[in-house]
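Visitor: I would like to learn how to read a protein model. Could you take me through one, feature by feature?

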Amino acid sequence: MMTTAQTEQTDVFEFPCRFPLKIMGERHEHFAATILTVVQGHAPATTEVDVDVRESSSGRFLSLTVTVTAESREQLDNLYRALTSHPMVKVVL
């Protein structure tokens with residue numbers, strides 16, 4: 001039988017904390033704005049200032065680093081699910 005301590009998920013983060021998300025997708029005119037809107041649905045305080053955009057060497061892909069203020073593991077999990085299920089997103093790290 002497992003004890004309560006064994007069943008509790010150990011979190012390596014202390015919330016709230018600043019948490020960077022790397023989001024990659026094919027180059028699209030509205031990629032950054034669309035992804036920011038998705039992120040703001042889970043982390044409303046996130047603004048354009050929190051987004052760093054980089055283009056791949058071929059110019060075919062965009063990489064966004066979006067730094068959010070994470071309030072909980074649940075918030076991060078929900079944000080990750082929303083991003084990975086978005087049709088414009090190829091990878092989330």
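Visitor: What is the order of the four strands in the open sheet?

Guide: Before that, a word on the source. This is a predicted model, where local features need pLDDT of at least 70 and side-chain atom pairs count only at pLDDT 80 or more, while totals for chains, interfaces and linings use all residues. Residues are numbered from 1 along each chain as its sequence is written, and side-chain values use heavy atoms, with hydrogens and water left out. Now the general idea. Strands of a sheet pair through backbone hydrogen bonds, either parallel or antiparallel. Here the order is β2-β3-β1-β4, and the pairing is antiparallel. Two strands count as paired if DSSP finds at least two bridges between them.

Visitor: Which strands stand at the edges?

Guide: β2 (51-55) and β4 do. Each has a single partner strand, so one side of each is left without a neighbour in the sheet. From one strand to the next, the twist averages 25°. Axes are lines fitted to C-alpha atoms, for helices over the stretch in contact, and angles run from 0 to 180 degrees between N-to-C directions.

Visitor: How many bridges join β1 to β3?

Guide: Ten, and the two strands run antiparallel.

Visitor: How do the elements run from the N terminus on?

Guide: They run α-β-α-β-β-α-β. That gives three helices and four strands. Both kinds are DSSP runs, numbered from the N terminus: helices are H or I with at least four residues, strands are E with at least two.

Visitor: How many residues lie between the strands in the hairpin of β2 and β3?

Guide: Five. β2 and β3 are joined by five bridges and run antiparallel. Val51 has Val66 as its bridge partner in β3. For backbone angles, the general idea is this. Most residues other than glycine have a negative phi, and most peptide bonds are trans. In this hairpin, Gly59 takes a positive phi near 80°.

Visitor: Where is a peptide bond cis?

Guide: Look from Phe15 to Pro16, where omega is near -5°. Pro16 lies in the loop between α1 (4-7) and β1 (17-26).

Visitor: Is Cys17 buried or exposed?

Guide: Start with the cut-offs. Buried means under 20% relative accessible area, exposed over 50%, and partly exposed in between, with a 1.4 Å probe and protein chains only. Cys17 sits in strand β1. Its relative accessible area is 16%, so Cys17 is buried. Not counting residues up to four places away in sequence, Cys17 touches Val68, Thr69 and Ala70. Cys17 and Thr69 are 52 residues apart along the chain, yet their C-alpha atoms are separated by 5.5 Å.

Visitor: How many aromatic pairs does a search of the whole structure find?

Guide: Two. Rings of Phe, Tyr and Trp (its six-membered ring) pair if their centres lie within 6.5 Å; planes under 30 degrees apart count as stacked, over 60 as edge-to-face and the rest as tilted. Phe13 and Phe15 form a tilted pair, 6.1 Å centre to centre with 55° between the planes. Phe13 and Phe19 form an edge-to-face pair, at 5.3 Å and 85°. Phe13, Phe15 and Phe19 make one aromatic cluster.

Visitor: Which residues does His86 touch, not counting residues up to four places away in sequence?

Guide: Thr34, Ile35 and Val38. His86 is in the loop between α3 (73-84) and β4 (89-92). At 19% relative accessibility, His86 counts as buried. The side chain of His86 also reaches the backbone nitrogen of Met88 at 3.0 Å.

Visitor: How much of the chain is buried?

Guide: Of its 93 residues, 30% count as buried.

Note on methods. A polar contact is a pair of N or O atoms within 3.5 Å; within protein, one must be able to donate a hydrogen and the other to accept it, and residues adjacent in sequence count only if both atoms are side-chain atoms. Contact means heavy atoms within 4.5 Å.
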